[in-house]
Amino acid sequence: MNFMHEGYITANASSGRTWVGLLTDRSRCPGIFFGTLLTDLVVYLFFPLDLLPSKDGQDLTESFLLHVVDILLHYIQKTFDVKSKVLDFHHPHQLLEGLDGFSLELSDHPESLEQLLVDCTDTLKYGVKTGHPRFLNQLSSGLDVIGLAGEWLTATANANMFTYEIAPVFTVMETILLKKMYEIIGWGETEGDGLFSPGGSISNLYGILTARYKQYPEIKRKGMTVLPGIVLFVSEQGHYSVKKAAAILGIGTDNVIEVKCDERGKMIPAELEKNILQAKRKGQTPFCVTATAGSTVLGAFDPLQDVADICERHNLWMHVDAAWGGGLLLSRNHSYKLSGIERANSVTWNPHKLMGVPLQCSAILIREKGLLEACNQMQAGYLFQPDKLYNVDFDTGDKTIQCGRHVDIFKLWLMWKAKGTSGFEAQINRYMELAKYFYKVLKKKDNFKLVLDAEPEFTNVCFWYFPPRLKHIPKGFERDQELQKIAPKIKAQMLEEGTAMISYQPCGDKVNFFRMVFSNPATRQTDVDYLIDEIERLGKDL
Ligand code: ABU
């Protein structure tokens, strides 16, 4: 018998009395309930107020959470089932209007626990399975079961990272992980300071903020009036968050000078130096260069040694945005691509990208100890009392631009325990092998064209698909006009059918092309082959 939503509430049909699931023994759960007479049985609905900390809420809490776990387990199994859809696409207006009883509107009265379970199921049903083997859309993808367990534990603890007092284990864990990251970068024993922040853009903001503070410490008190016309440099393939940081910090986006790249998307050192000298001649004051280790679209690594030489010659802060590429430091085969990162003054590194840690997990690492605190410290007496019971060096909250700070560290720590450094290395090496395989397969196909006809340096592989009707149009404006519509059309169809997800974009003078990236541990060679066939199937008649 099944009086409620399938899968959650069932009754033992033989006795007609023994309920499992949310229908626990009512005498032990005397909370709010509604009774409905169904032949000789009464169905009780329970409400969130009946859960712990309500008196006698123990059984109902256990039952409710076990149902949540059931929902999540079912979703996880589907996620890894290659035959299931990556998504069940609906337009925003459909979600706003409500779908099959799934309403996003909020009510004034409490909803039953049963309804909340249905809402949990529907929320997952209409979302995207980012751990699905054919989810290839984002730099951050995959579903790591240990990372997920870490996130559950983190939410259960609900700690705040501002002080050791509130987060004793997590704050110490953070110092241990940061130290590991300084060592991997190659900083010396006495070097290294850092924080986990809410994403790569904020980590880049920290890098530029600290660079400016180092050069002009009086800005903290006196504001912009103490500054000359400062400028910073980033490659034309660098992340847009550098400009955003300049806007936020009052530097202004016009004062971010974009440095030309070579055909692979790497900053050209001679161009950087030329731009620095030009800026100086114009009376501007260069203070920082942001180099990129793993650009978002092309996966390019700037030549960090050359950039470091130039920064040293001109006394400029060197920030490395290794949000995407930082994980490659864990691969002995590939870490040479970041050679020179040890000379950086600051580094952004997002374990939620290549290392597959659940979002969010991003580190800002500063070579000089004490600068972060000097730059951001406000000494709020109600939180950071100097006369506490313990060593207040572990009250790291005053180094941040936040007050409250989420615990992003535990899932990374647990995954590192689970895999070891060698486990991350093997995973990352496998992505690199897949990228090479994908490149080689595409190279042989005459209806696909690679954006860069060279073996991939990272897991990004960018390409166009040419439907038969375009193959005979000569290269030029007319063909580009048509070609730029192809990737969006294929992607739209892919979303409607839910078969796979891959991103596309224009870049510089190149019209829309697909960007394949490997950072999903569930993706296999067969998924790569599938994707190629799928693009051909959806695109051949366009
Ligand atoms: N920098 C954010 C990553 C965007 C992406 O997944 O492509």
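**Figure 1. Lining of the largest cavity in the predicted model.** By class, ten nonpolar, two polar and three charged residues line the largest cavity, in what is a predicted model. The lining comprises 15 residues, and those nearest the cavity centre are Arg-264, Leu-298, Leu-452, Pro-456 and Asn-460. The volume of this largest cavity is about 140 Å³. In total, the structure holds three cavities of 30 Å³ or more.

**Figure 2. The largest pocket.** The space in the largest pocket amounts to about 760 Å³. Its lining is made up of 29 residues, with Thr-175, Asp-193, Asp-393, Thr-396 and Lys-399 nearest the centre. Two elements, α5 (168-185) and β6 (193-197), each give two or more residues to this lining. Of the elements, α5 gives the most, with six residues. Sorted by class, the pocket lining has seven nonpolar, ten polar and twelve charged residues.

**Figure 3. Packing of helices α1 and α3.** Helix α1 (residues 58-80) and helix α3 (residues 113-125) have axes that come within 10 Å and cross at roughly 15°. Because of this angle, α1 is roughly parallel to α3. The crossing of the two helices is right-handed.

**Figure 4. Residues in the contact of α1 with α3.** On the α1 side, the contact is made by Leu-60, Phe-64, His-67, Val-68, Ile-71, Leu-72 and Tyr-75. From α3 come Leu-113, Leu-117, Cys-120, Thr-121 and Leu-124. This contact has ten nonpolar and two polar residues, and no charged ones.

Key: Residues numbered from 1 in each chain as written. Predicted model: local features only at pLDDT ≥ 70, side-chain atom pairs only at ≥ 80, totals over all residues. Heavy atoms only, no water. Axes fitted to C-alpha atoms, helices over the stretch in contact; angles between N-to-C directions. Helix = DSSP H or I, 4+ residues; strand = E, 2+ residues; numbered from the N terminus. Parallel < 35°, antiparallel > 145°, perpendicular 65-115°, else oblique. Left-handed = near helix turned anticlockwise from the far one by under 90°. Contact = heavy atoms within 4.5 Å. Nonpolar A, V, L, I, M, F, W, Y, C, P; charged D, E, K, R; others polar. 1 Å grid on protein atoms, 1.4 Å probe; cavity = no way out; pocket = protein on both sides within 12 Å on 5 of 7 lines; lining within 4 Å. Points joined across faces, edges and corners; volume = space filled by probe spheres on them.
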